[in-house]
Amino acid sequence: MVVVISAPRRRRSPPWFGQETRRALAAGLAVAALAYAAGWPYWRGHHAAAALTLAGTGGIAVVGALLATGARTRRTGLLFLAASLFWAVNWLASWNAGPGPLLSPYAQADFYLALAVGVLLYPAGRLEYVADRIWTVAACVVLWGCPTALWITSRPAWAAFRGRHVWWPAPFPDHAAFRAVLEVSAALYIGLALSFAVVLLLRLPRMSRMRRVVTLPVTVALAFVGISAALTQRPIMEESISLDALLRVYAVQGAVSALIPLALLASGLRTRLAELAVAGRMLRLTAPVSVERIRDALRDVLQDPTLELWFWAPAEQVYVDTAGRPAAVDAGGAAPGDEAPGDPSGDAGRWRRRVETAAGEPLAIVELGGALRDHGSLVEAALEAGGRALETARLQSNVQAGLEQVRSAYGRLLRAEAVERERLARDLHDGAQQRLLALGAMLGTLEALATDAEVKEHARKCRTELMAALAELRALAREVQPALLVQDGLGPALEVVAERLGTRVLLDVTAERYSREIESTLYSVLCEALSYAVDRARATRVTVRVRPDGHLLVAEVSDDGERPGGEPGALPDGLAGRIRALRGHLEIDGEPARGTTVRMVLPCE
Amino acid sequence: MRVAVAEDSGIFRQALVTLLTTAGIEVTVAAGSGEELLALVAEDPPDVAIVDLHMPPTHTNEGVVAGRALLARHPGIGVLVLSAYNETPQAMELFRDQPRRVGYLLKDHVTDVESLCGALERVRRGEVVIDPDVVSRLVEARHRERELSRLSGREREVLELMAEGHSNAGIGKRLHLSARTVEDHVRAIFTKLKITSSGGPPGPQDSNKRVLAVLTWLRAAETR
């Protein structure tokens with residue numbers, strides 16, 4: 001099952017300010033407002049901390065909302081959005097009353113948990129690796145277990161909350177147990193942060209090069225945020241610290257977390273830059289345009305040597321490959337414009353993309369390696385940049401397909417002609433000639449029998465005339481198709497030609513037999529080249545070589561003659577056309593003064 | 001003289017038999033293929049067998065194959081191969097290591113009673129006969145070459161008659177020369193063309209071997 005997705009579309013509005021962006025900005029503002037309300041008692045005295053925290057929290061919410069709109073990053077986005085909410089809720093601690101202080105440790109832990117799992121979910125939308133799953137489970141246990149142990153073993157005052165209306169159950173307050181909980185929690189947090197960095201590092205080698213480039217800044221930022229969180233947490237894991245100290249740590253952690261949206265922004269810029277670079281390189285690599293060049297340019301810029309390209313030939317209603325041959329490419333059941341990323345039923349990870357013209361007509365099909373699925377926008381940028389070249393190349397490939405048809409029609413014509421020539425020559429030889437020869441013998445008999453001298457003389461004259469007519473008939477038959485060519489092949493037939501020409505002709509001709517059209521064509525062409533060399537170039541020595549070379553048949557005529565006026569051509573266009581019709585080609589080298597070699601290369605089975 | 005004929009074209013075979021009969025030659029067998037001829041003459045071989053070069057099944061060299069088979073089975077038989085085309089490659093096979101009682105005639109000349117009877121007579125006598133048109137085509141093909149251009153006009157005539165299979169006496173008779181003069185010409189030709197023959201310069205006795213030597217020289221492009 002292949003995935004066919006839409007053609008590159010021309011964007012109608014700036015890509016960064018659509019409905020999704022407006023919604024994301026609204027979400028960011030809402031979360032920032034929530035954080036402002038939650039931390040109100042603290043913000044009154046700490047304006048700089050307020051600005052930093054609100055910007056960071058709102059930024060994470062914006063990024064989360066934006067990511068949530070992409071099909072592949074939906075879960076990551078939702079988790080980031082949740083993380084920003086958790087961070088806002090965390091600031092309820094500053095009220096020093098109600099359920100805020102109790103919720104705050106949970107909100108802080110869930111903030112980090114949501115961020116970390118969100119990153120691990122990118123880009124597959126699920127936890128792909130065992131290490132990721134193990135870490136997630138451990139993080140859930142630690143990050144929910146530690147805050148729970150906190151309120152079970154302490155009074156609120158021990159945990160920095162000295163307000164009178166703090167809602168804090170404290171079922172088993174015990175100083176020693178509380179100190180132990182703080183010690184163990186601090187150690188677990190540091191362990192969690194370090195192991196998260198390791199998990200992130202483990203993911204890197206498994207990513208494709210392109211994906212790694214994009215994810216590296218986010219990975220580094222997150223590892224840094226995690227470790228710094230664990231380290232800044234350490235000083236407040238003490239008994240009876242002040243609420244102000246606790247909230248200052250929260251402010252620092254919030255400020256550091258602002259690194260995450262910044263890193264994502266950097267990744268986005270980097271992706272956009274790569275797209276721009278791809279577009280530029282495509283334009284550079286496809287000039288002057290040719291079918292192969294477009295394919296090679298796409299392979300180059302997308303770093304996928306397995307990339308394949310087929311063009312739509314509207315006249316024939318088929319896709320053709322770069323050589324113009326029709327190819328059985330399944331255009332897929334998916335409708336154009338339908339995008340199905342991450343479809344697990346993909347054909348061994350290969351990814352097919354249909355490309356259409358601006359008018360919505362099919363243009364080409366591109367098949368890419370599955371790893372490029374994560375870089376849809378990059379692929380789109382490359383195809384869009386190559387769009388015009390693709391259309392030109394499509395026209396070119398259509399011409400190629402047309403030429404191919406003409407060539408195979410010409411080939412069929414040549415085959416039919418060879419058969420017809422053979423039949424005609426056989427008729428002339430077996431029918432007309434034998435009949436005329438018999439007539440000659442009868443006239444000879446008459447001549448021998450006749451007693452009248454006048455009759456004898458007439459019979460002799462008739463016979464002489466008849467023989468002249470026979471000679472003409474034979475010359476005609478030889479023109480049509482030399483009997484020897486059909487019977488014995490090229491070698492003996494050329495031997496006779498060489499004898500007739502008279503110049504010293506050296507023949508080195510394979511005894512192999514080939515198809516009618518090959519023998520017939522080569523014979524005509526070699527005769528023409530020979531007679532040109534002898535009659536026009538006045539060669540004194542001509543060498544004819546016909547040798548098989550693998551799947552090719554190579555025929556060469558070399559002579560020591562001179563070409564008047566330096567004219568290199570030794571074959572009329574029609575004969576060169578016949579060689580091409582058999583998918584062969586013709587090479588002529590040599591200098592006017594030093595003789596010439598005409599080489600014909602024909603494919604043969 | 002008794003003659004057997006193998007010719008696949010019925011109409012020409014019939015005309016040929018009539019012509020031979022008219023000329024006073026007894027035709028013992030008229031076959032349509034080489035195989036048939038071999039079967040029919042097995043009991044009672046004729047003096048000379050006339051075989052068409054191109055016969056079924058392949059129309060390539062059946063005449064030469066049948067001729068060589070006849071010569072091997074019936075010592076003393078003569079073989080005259082007929083061809084409609086003045087093209088040598090397959091017919092020359094007949095003369096390979098067989099310098100006696102063989103001939104190669106174009107069908108055009110068969111219609112002339114005199115040349116037909118002359119060729120038959122010479123083959124029966126044990127000579128080698130090659131159609132004058134075949135020889136002149138061979139000589140013509142080589143006429144631009146240096147060695148051949150060194151021959152005088154008379155020597156050229158002697159060379160052609162030699163190639164047709166004539167003996168020194170035959171050549172002398174045709175050109176009105178003495179046997180001695182012909183022999184001088186022959187020697188000069190062999191020297192100029194650098195034809196070597198085992199046992200010194202060929203004399204009148206081995207005129208048949210001489211034909212082969214001359215033919216070989218004429219046909220071989222790579223001997224020098």
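A: In this predicted model, start with one residue pair. Gly103(B) stands opposite Val129(B), a residue of strand β6(B). That strand covers residues 128–130 of chain B. Its pairing with β5(B) is parallel and consists of 3 bridges.

β5(B) itself spans residues 102–106. It also pairs with β4(B), residues 78–83. Here too the strands are parallel, and the bridges number 5. One pair can be named: Leu82(B) has Leu105(B) in β5(B) as its bridge partner. So β5(B) has β4(B) as a pairing partner and β6(B) as another, given that at least two bridges make a pair.

How much of β5(B) is buried? The strand is mostly covered, with 4 of its 5 residues buried. As a general point, side chains in a regular strand alternate between the two faces of the sheet.

Now the contact between the chains. Chain A brings 32 residues to it, and chain B brings 30. On the chain A side, the elements giving two or more residues are α13 (387–449), α14 (453–480), α15 (483–488), α16 (490–501) and β6 (504–509). α13(A) gives the largest share, 14 residues. By type, this side of chain A holds 15 nonpolar, 8 polar and 9 charged residues.

Last, chain A as a whole. It has 18 helices and 10 strands. Of its 605 residues, 41% count as buried. Take its contacts between residues at least 6 apart in sequence: 69% of them join residues at least 24 apart.

Notes
Residues numbered from 1 in each chain as written. Chains lettered and ligands numbered in written order. Predicted model: local features only at pLDDT ≥ 70, side-chain atom pairs only at ≥ 80, totals over all residues. Buried ≥ 20, exposed ≤ 12 C-beta atoms within 10 Å, placed from the backbone. Contact = placed C-beta atoms within 7 Å. Nonpolar A, V, L, I, M, F, W, Y, C, P; charged D, E, K, R; others polar.
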